[in-house]
Amino acid sequence: MIKIVNKFTCPEQELEEPENILVEIKNFNVWFNDFHVLKDICVRFREKSINCIIGPSGSGKSTLIRSVNRINDDIDGFIHHGDVHFNGYTRGRSIYHKDIDVNNLRTKVGMVFQKPCVFPKSIYENTLLGVKYLKKHSKQEKLQIVEENLNAVSLWKEVSSRLHEKATTLSIGQQQRLCIARTLAVKPTVILLDEPTSSLDPVSTYAIEKLMLQLKEQYTIIFITHNIVQAKRIADYLVFMCEGQVIEEGTKEKLFSNPDKQQTKDYLSNEYCEC
Amino acid sequence: MSAYTNKIVKGYVFGSTLISAAVIILILTVLFVNSYDAVKEVGYGLFTLKWNPSDGKFGILSMLYGSLAVTFLSLLISVPLGVLTAIFTAEILHPKYRVYVKSGLELLAGIPSIIYGLIGVAFFSVWVGKLFDLQSGRTIFTAALLLSIMILPTIITLCDDAFHNVPQRYREAAKGAGLYKHEVILRGIIPIAKTDIAGAVLLALGRALGETMAVMLVIGSIDKIPQPFYNFLVPGQTIMSKLGREIAESAFGSLHFSAMIFMGVVLLVIVLGLTVIVQQHFKTGRLYE
Amino acid sequence: MNRKWSNGAFLIICRLAAAISILTLVFLLSVIVFNGIRAINPEFLLTRSRNFGAEGGIFYQIIGSILLVFCTALIGFPLALGTAIFKSEYLKNRYLLKLSSILIYGLNGIPSIIFGIFGLVFFVHYLNTGISWFVGSIILAIMILPTIVLASYQSINSIPKIYRESAQALGLSKWHVVLQVIIPQGIGGAITGLLIGLARAIGETAPIMFIATAFSGVEVPSSLSGPVTALPTHILILSQQATNPLALQNAWGSSLILITIVFIFSISALFSRVRLRLVSQR
Ligand SMILES: Nc1ncnc2c1ncn2[C@@H]1O[C@H](COP(=O)(O)OP(=O)(O)OP(=O)(O)O)[C@@H](O)[C@H]1O
Ligand SMILES: [Mg+2]
């Protein structure tokens with residue numbers, strides 16, 4: 001099987017505001033069968049801001065954020081090593097600790113996928129899908145939750161008259177916003193978004209970018225994009241990944257103006273990468 | 001609460017699977033255990049020609065021969081007819097009619113075998129009797145004829161699928177090379193669809209071997225290998241028709257009963273072997289119909 | 001010139017073969033319909049049979065057949081759905097998956113009379129149930145189990161992974177995912193499989209003739225044990241008296257009724273499949 005050869009530890013970085021860190025990934029490795037996908041990842045995601053992950057295709061971005069809500073667990077051949085800390089929730093343990101309830105963890109770490117995935121049910125039921133089991137709600141409360149969250153993604157006005165129609169009748173952009181509303185309804189702390197705009201038209205993309213800028217007031221957003229211009233528009237912090245490694249992380253301003261690494265500079269200026 | 005219901009669902013799906021698996025194992029065990037007596041007492045005597053329970057003679061060879069002969073003969077009729085018809089439905093007929101043809105064939109494939117039996121009794125055996133001037137029209141040939149009609153819809157749909165699954169570009173490439181339609185089909189399409197057609201034939205073979213009711217009613221039920229062996233215009237017996245006729249008459253626990261079960265096991269092993277081969281090597285993918 | 005000639009010949013042979021096949025199959029259907037129609041009248045449908053079926057109607061045979069497949073569905077459907085869900089959602093080991101496929105296809109390949117014999121030995125003799133219609137339903141359910149399992153498995157397994165992940169990402173536990181995502185989206189395929197299976201079960205004679213049916217003189221059973229009369233076994237005894245024109249006529253009538261019920265099931269299956277395809281395209 002796989003041998004963990006190098007006992008690598010993350011370099012202690014001097015931090016401006018240490019209390020600002022919400023998710024902290026330490027020495028994290030992932031294999032799919034014997035294919036080493038993530039190599040000694042050390043990265044921190046800041047609270048109430050947009051943390052943007054960029055990097056070429058196949059560099060392991062999706063694998064990384066899918067490890068934060070443990071959605072990778074069910075994948076055949078998934079092996080991990082290392083820690084993911086979720087400060088304020090796991091109390092010093094890794095989220096992979098055996099006492100952690102995955103389903104509960106996932107209500108704290110919501111996720112939106114690249115392709116909007118609504119269930120063949122009504123808009124109303126789709127919004128409530130995650131909340132329904134958390135506790136019993138009255139009809140009144142349910143409607144309130146639906147309204148509140150659809151409002152949050154500015155979908156309420158468009159669909160309030162047809163809440164009981166199939167969600168599959170919505171446009172793709174609306175479906176993606178519905179997916180975000182569905183995630184917000186569970187009241188997560190962190191929201192993971194894996195290229196949420198890459199299958200959308202420019203107008204819907206703009207709507208979602210605007211939405212994220214609002215959401216970061218309340219939520220910690222971890223966001224993958226291929227679009228460097230988009231990252232420049234909305235990110236607060238950037239993480240640059242290449243071939244399963246984090247090359248550089250820091251504030252957007254720093255990485256765009258004077259990155260430490262040459263690769264970062266190449267990638268950000270002309271999307272070229274040789275790691 | 002959630003953990004509890006979680007367990008219920010897990011218990012339900014796991015339980016159903018266990019029952020399903022147990023059923024299969026149970027069927028095989030029951031059959032093997034009950035055929036053991038015959039194997040122990042009669043031994044190689046099982047593979048002889050004579051079947052006469054009152055004499056303690058339990059040779060299954062005549063029935064085995066009957067099963068193979070009927071099946072072989074029925075495939076001889078239905079495979080060429082079915083494959084050529086499938087060429088017509090898949091390659092010649094306009095595609096817009098395909099859905100009707102397919103639906104019709106699937107309905108026909110579902111006609112219960114007892115109704116085929118009735119048709120065999122009322123028409124086929126009479127016709128065969130008249131045509132060949134026989135005392136009784138219930139012969140191996142009659143059974144094979146009836147069986148070939150029974151498996152015809154299955155062969156046609158499966159072969160039609162096989163042709164249909166050949167990508168259009170092969171047809172275009174062959175046509176582009178200036179081939180006539182028959183050359184496109186014979187040289188371009190059949191070689192590609194070959195394995196699927198073989199799968200269809202094996203599947204039909206399994207079905208024909210296992211058929212009971214229709215064959216039982218028209219084969220005449222005489223436990224003999226015909227003289228000469230290729231004279232199919234005489235009554236015969238297959239393993240399945242023998243089981244259908246005699247299992248209720250033999251006392252449970254007797255050697256007779258055990259020998260009957262043994263006969264069933266022999267056929268089952270052949271059919272299961274075929275099924276596994278088809279599933280592993282041909283992947284027709286539509287086996288559930 | 002020669003190639004053109006053989007092309008024409010080939011096409012003619014194919015057309016000829018198709019004509020023979022189609023004529024044969026049309027002949028089959030019309031024989032059943034025309035002979036059957038003559039036997040059918042309200043009295044035939046609504047009275048009991050007399051004189052070993054040669055006279056009278058087939059009322060209790062129809063009831064018996066419907067009772068048999070109704071219970072077959074009740075037993076087989078939940079079992080098959082559970083098995084399909086387990087195979088698709090819980091079973092991860094590649095070898096076990098392969099083994100389970102082999103077992104299911106194997107069960108599917110077992111000739112129907114073998115099920116009858118199994119029922120005779122295991123239920124009637126080992127468990128001492130005697131001739132019982134309920135045992136017949138159990139055996140028929142076992143027989144159509146692979147059909148339903150395969151159809152359900154195919155439709156469950158073709159639900160894209162993203163649906164499961166989206167639901168899990170909302171914090172739904174596995175059982176909620178099964179209930180909210182897997183079953184609603186897979187049930188259509190399962191029902192199609194059930195209909196195909198029932199179409200087969202109701203027409204089968206061999207599995208039930210030793211264990212579940214009596215040939216005549218039985219009405220509606222009052223408990224789980226005791227035999228019923230059923231359409232296929234009724235046709236069987238009538239066709240064994242084929243020299244008696246009255247019996248033959250009733251056999252055709254029963255065949256037409258049986259085939260009508262079979263077609264109702266298989267046409268519903270066809271429609272449910274077409275509907276599924278339309279839905280999944282959307
Ligand atoms: N389920 C899996 N099984 C095996 N290998 C996988 C699996 N998922 C991802 N990989 C491999 O892991 C590597 C990283 O994949 P990942 O999807 O994380 O990349 P990515 O950075 O998100 O790429 P993209 O930008 O194209 O989405 C790839 O080489 C991919 O082939
Ligand atoms: Mg990705």
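Predicted model: local features only at pLDDT ≥ 70, side-chain atom pairs only at ≥ 80, totals over all residues.
Colouring the residues in contact will bring up 25 residues from chain A and 18 residues from chain C. On the chain C side, then pick out Ala169(C), Leu170(C) and Gln180(C), the residues that lose the most area to chain A and that together account for 31% of what that side buries.

Next, bring chain B into view. Which chains share the most contacts? Of the two pairs of chains in contact, it is chains B and C that do. If you display chain A and chain B by themselves, you will find that no contact joins them, and that their closest C-alpha atoms lie 8 Å apart.

Now hide the other chains and stay with chain C, which the domain assignment divides into domain 1, residues 1-39, and domain 2, residues 42-281. The C-alpha centres of these two domains of chain C lie 32 Å apart, and where the domains meet, nine residues of domain 1 are in contact with eight residues of domain 2. The area buried between domain 1 and domain 2 of chain C is about 700 Å², and carbon and sulfur atoms give 81% of it. To see where domain 1 of chain C makes its contribution, select Ile32(C), Asn35(C) and Ala39(C), which supply 60% of the area that this domain buries against domain 2, more than any other three residues.

Finally, return to chain A and centre the view on ligand 1, which is surrounded by 14 residues, the closest being Ser57(A), Gly58(A), Lys61(A), Ser62(A) and Thr63(A). By residue type, this shell around ligand 1 divides into seven polar, five nonpolar and two charged residues. Show the secondary structure as well: strand S2 (35-46) and helix H1 (61-68) of chain A each supply at least two residues of the shell, and H1(A), with three residues, provides the largest share.

One lies 3.0 Å from a backbone N or O atom of Gly60(A), and a backbone N or O atom of Ser59(A) lies 3.2 Å from an oxygen atom of the ligand. Taken alone, ligand 1 exposes 630 Å², of which the protein buries 64%.

Conventions:
Residues numbered from 1 in each chain as written. Chains lettered and ligands numbered in written order. Heavy atoms only, no water. Near = heavy atom within 4 Å. Polar contact = N/O pair within 3.5 Å; in protein donor to acceptor, adjacent residues only side chain to side chain. Areas by Shrake-Rupley, 256 points an atom, 1.4 Å probe, with all protein chains shown as cover. Helix = DSSP H or I, 4+ residues; strand = E, 2+ residues; numbered from the N terminus. Nonpolar A, V, L, I, M, F, W, Y, C, P; charged D, E, K, R; others polar. Contact = heavy atoms within 4.5 Å. Domains from an automatic or database assignment. Buried area = accessible area lost by both parts, 1.4 Å probe.
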